Amino acid sequence: MEDVLDQQSQPLGQDGESEIVTEDATFVHGEPPQDANGLPKVDSKVEVLHEKVTKQIIKEGHGPIPSKYSTCFLHYRAWTQSTRHKFEDTWDEQRPLEMILGKEKKEMTGLAIGVSSMKSGERALLHVGWELGYGKEGSFSFPNVPPLADISYEVELIGFDETKEGKARGDMTVEERIGAADRRKMDGNALFKEEKLEEAMQQYEMAIAYMGDDFMFQLFGKYRDMALAVKNPCHLNIAASLIKLKRYEEAIGQCSIVSICSNKKIIFHVCAQQLYYSSLDT
């Protein structure tokens, strides 16, 4: 398998430097639990973040917490507490939410308070009072959210960009957006080489978040090629990390996201399948 990874990590850029191979940051890192419909059962201590917001940690994170105006990338599920009806799930949509702390939508104020207390990689259960959620009127976008609805969130902070980036993705030029994604990819490569696989996948996921479908559909010619040169390696690098973690089926899923347009990708896909099936015999 190391030979295949070495083949996959031949130079992609003009500088001739070898790098790991991979593509898009949507769903691999923070994989959902087995029961994605019901609220998770959590035994950890209840932290009071605000009189209307409490938090229980499901999985510990690492590093610092985001500061005000950081751009945070997160996955979450949301339920109404009274009916236990799940009305939103970004894992299902395979599209992380981008939230700028201090500039979040009004109905996400409680969620933002929770996220602002979290570390990268942390997963938590939040309970938010209606005053910091969808308010007295409920939600027009989600008819199943009634007036005065308290909300429960299962949320994972994939990671965040500090204010040094200076802009939300939507306000960046094409070059700025690709550059920000490429910096995340390079950070992920450095972590991969240090065998910090979970942290590496977080960086790759954030890089992919910069290269979302809406953005990619707008690109043609050299800009699309530039974006794919960042996005595709991130997907494959996530797969390489998952293989090291013996999460073979997820690795195959990541490989399948990348359009099979070269023999190298076909080889990587086949090897991932072989690893998966060989794991069934152990």
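**A friendly walk through a predicted model**

D92 is found in helix α2, which covers residues 90-93. This is a predicted model.

Me: Is D92 buried or exposed?
Reply: Let's start with the cut-off: a residue counts as exposed when its relative accessible area is over 50%. D92 has a relative accessibility of 55%. That value is over the cut-off, so D92 counts as exposed.

Me: How far apart in space are D92 and H75, C-alpha to C-alpha?
Reply: Along the sequence, D92 and H75 are 17 residues apart. In space, their C-alpha to C-alpha distance is 9.7 Å.

Me: Why is strand β7 described as largely enclosed by the rest of the structure?
Reply: Strand β7 runs over residues 151-161. A residue is buried when its relative accessible area is under 20%. The strand is largely enclosed because, of its 11 residues, the number that are buried is 11.

Me: In which sense do β3 and β6 pair with β7?
Reply: Strand β3, residues 71-80, pairs with β7 over 10 bridges, and L74 has L157 as its bridge partner in β7. Strand β6, residues 123-128, pairs with β7 over six bridges, and here H127 stands opposite S152. For β3 with β7 the sense is antiparallel, and for β6 with β7 it is also antiparallel.

Me: What kind of aromatic pair do F87 and F142 make?
Reply: The structure holds five aromatic pairs. In the one made by F87 and F142, the ring centres are 5.1 Å apart and the planes meet at 55°. Planes under 30 degrees apart count as stacked and those over 60 as edge-to-face, with the rest called tilted. At 55°, then, the pair is tilted.

Me: How many residues apart are F87 and F142?
Reply: F87 lies in strand β4, residues 86-89, whereas F142 lies in the loop between β6 and β7. Their pair links distant parts of the chain, and the separation is 55 residues.

Me: Which residues form one aromatic cluster?
Reply: The ring centres of Y134 and F142 are 6.3 Å apart with planes at 80°, so that pair is edge-to-face. F87 is buried at 11% relative accessible area, and Y134 is buried at 12%. The members of the cluster are F87, Y134 and F142.

Me: How many disulfides does the structure hold?
Reply: A disulfide is a covalent bond between the sulfur atoms of two cysteines. Both C72 and C234 are buried, with 0% relative accessibility for C72 and 0% for C234. Still, the number of disulfides in the structure is zero.

Me: Which residues touch the most other members of the largest nonpolar core?
Reply: In soluble globular proteins, nonpolar side chains tend to be buried together. The largest nonpolar core here has 34 residues, and the members that touch the most others are Y210 and M211.

Technical notes
Residues numbered from 1 in each chain as written. Predicted model: local features only at pLDDT ≥ 70, side-chain atom pairs only at ≥ 80, totals over all residues. Heavy atoms only, no water. Buried < 20%, exposed > 50% of the residue type's maximum accessible area, 1.4 Å probe, protein only. Helix = DSSP H or I, 4+ residues; strand = E, 2+ residues; numbered from the N terminus. Pairing = 2+ DSSP bridges. Phe/Tyr/Trp six-rings, centres within 6.5 Å; stacked < 30°, edge-to-face > 60°. Disulfide = S-S within 2.5 Å. Core = buried A, V, L, I, M, F, W, Y, C linked by side-chain atoms within 4.5 Å.
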